[in-house]
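I opened the structure today to look up a few points on both chains, and I kept these notes as I went.

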Amino acid sequence: MNELEEKTEDVSMDAVEDGQKEEQKAEGDSGLGMGVLFFLVAFVVCFLSCWLLFPKVLYSEKSQPFNFNHRLHVEETGDCESCHSFRDDGSFAGIPKISKCLECHDEQQGDTKDEAFFIKNYASKDKEVPWFIYSKQPDCVFFSHAAHVKAAGMDCKTCHGDIGDSTKCKPYEENRITGYSRDIWGKSIWGIKKHSWDRMKMDDCAQCHEKETGEKGSCFQCHK
Amino acid sequence: MTKEQNKRKKHVFGMVIDLDKCTGCGSCMVACMSENNVPFREDESDKKRSITWMRVYKLTNGKSFPDTEICYLPRPCMHCGGHGDHGHSPCVSVCPVNATRYGYDTGIVSQIYTRCFGCRYCMAACPYHARYFNWWDPKWPGEMEKYLSPNVSPRMRGVVEKCSFCYQRYQAARDKALYEGRDEIEENEYQTACTEACPAGAITFGDLNNPDHMVYKMVQPDPHHTRKPLNPKAFRLLERLETNPKVYYISEREWVRKAGDNYIKGEWEKLNKNHGKSDE
């Protein structure tokens with residue numbers, strides 16, 4: 001006679017131990033409850049830790065060499081194009097080189113710490129500032145600023161957002177696998193896009209192109 | 001580009017190569033490789049492995065001295081319009097991932113390296129051997145990497161590449177035109193590297209859709225017959241496959257024009273009674 005059979009015999013024979021049986025049943029119920037609770041807690045813990053940890057694992061945060069106050073500069077110069085200008089051949093210069101900065105900053109203009117740092121480490125040495133570029137696209141992408149800004153008359157904000165109104169440089173989040181900025185993929189892990197400047201993926205280009213021109217365009221329009 | 005601009009007349013960029021002028025010097029090949037960051041190997045003699053977007057072939061008339069004649073034939077990508085010139089080029093129609101597409105605005109067949117996954121179906125489909133496979137990651141010796149053009153993305157191992165008619169030059173020319181508020185680019189603003197490099201002036205490049213352009217005047221493409229050349233001295237390679245290439249060749253020599261396609265015995269003579277045009 002094995003153990004299981006012994007047990008069942010015991011239970012069926014001892015009617016007196018009914019109360020004990022009920023107790024056993026209650027114990028089983030609470031065990032199940034604990035199991036469900038444990039599963040839920042573990043699920044929530046795993047889900048949240050991954051939700052919060054995953055971006056930290058995927059993206060390494062880097063800070064810019066020093067803080068750049070866009071709002072202050074826009075107030076002084078009046079527009080974006082004073083610094084982010086086109087070259088004569090129609091190509092876009094993007095982030096200005098140090099020579100452009102030196103047009104005004106040959107000596108200290110204000111009294112901020114960041115400017116003092118800039119003057120000391122870069123301007124006085126005529127050294128380029130190693131900025132991280134939030135909107136840097138892969139090598140295979142050709143983006144014509146002239147076509148968008150000059151020909152189609154778009155403003156900078158449509159793609160770059162409220163950067164001109166910012167007082168601080170946000171941390172540059174670099175994708176450890178691809179090496180590109182998180183601003184390309186977008187902040188939202190769900191992929192939800194609220195503004196036109198939330199993401200800079202090919203789909204986002206195609207979405208706007210389809211809306212504005214009626215077609216997505218040929219591959220070579222934006223690739224090289 | 002707005003919807004109105006989209007409706008404007010499309011470009012059909014094409015090339016005319018005068019084979020009587022070509023000396024076979026290979027300048028076009030060199031210019032092409034340096035313009036387009038084409039990788040090379042230590043030993044370039046194995047032509048099944050090496051990559052040459054623009055390649056000069058040597059043709060002979062097969063006769064013995066003193067009647068021997070040779071002709072050098074530079075061969076870029078033909079940027080075929082496909083049957084009926086609808087954009088169904090041999091390579092485009094077989095690509096399973098849309099890595100190569102026909103540009104309806106320019107007539108240029110694109111190749112997107114980041115999209116290509118290297119099945120080489122297009123290489124099998126191309127009748128002109130214009131496509132090449134990267135068997136290895138490109139390696140440039142020493143400091144040479146600094147001389148690469150930033151306007152052309154370098155390729156990686158495992159993708160197919162081919163001549164793009166120096167598309168980056170079109171992009172740059174268009175950028176300049178848009179910046180200056182012009183809607184169209186001038187003929188001389190967009191020229192391929194091989195065209196500029198040819199010391200004999202054998203290569204001409206331009207818009208086959210624009211009667212003012214030199215290429216149009218030279219070959220007189222027939223717009224009603226998928227741009228077949230009306231100039232009897234002009235021909236296209238493997239014309240009867242109906243791939244509708246945008247690269248035309250010109251030669252005064254009959255044997256050279258005959259070498260542009262495969263003819264059964266007596267067929268060429270029969271076709272030629274009709275002023276160089278086929279019977280259809």
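Entry 1, chain A overall. I kept in mind that I was reading a predicted model. I looked up the secondary structure of chain A and found nine helices and two strands, which, read from the N terminus, follow the order α-α-β-α-α-α-α-α-β-α-α. I then checked burial, and of the 224 residues in chain A, 21% are buried.

I located A:Lys127 in the loop that runs between α5 (113–123) and α6 (145–151) of chain A.

I asked how many of the five residues of strand β8 (residues 203–207) of chain B are buried. The count is five of the five, and I therefore noted the strand as largely enclosed by the rest of the structure. I found that β8(B) pairs with strand β1 (residues 13–18) of chain B in the antiparallel sense, over five bridges, and that B:Thr204 in β8(B) has B:Val16 standing opposite.

I looked up a positive surface patch and listed its members as B:Arg41, B:Lys48, B:Arg49 and B:Arg120. I followed up B:Arg49, which sits in the loop between α2 (27–35) and β2 (55–60) of chain B, and which counts as partly exposed because its relative accessibility is 34%.

Technical notes: Residues numbered from 1 in each chain as written. Chains lettered and ligands numbered in written order. Predicted model: local features only at pLDDT ≥ 70, side-chain atom pairs only at ≥ 80, totals over all residues. Heavy atoms only, no water. Buried < 20%, exposed > 50% of the residue type's maximum accessible area, 1.4 Å probe, protein only. Helix = DSSP H or I, 4+ residues; strand = E, 2+ residues; numbered from the N terminus. Pairing = 2+ DSSP bridges. Patch = residues over 30% accessible without salt bridge, like charges linked within 9 Å, V, L, I, M, F, W, Y side chains within 5 Å. Areas by Shrake-Rupley, 256 points an atom, 1.4 Å probe, with all protein chains shown as cover. Salt bridge = Lys/Arg side-chain N within 4 Å of Asp/Glu carboxyl O. Lys, Arg positive; Asp, Glu negative; His and termini not counted. Charge placed at Lys NZ, Arg CZ, Asp CG, Glu CD.
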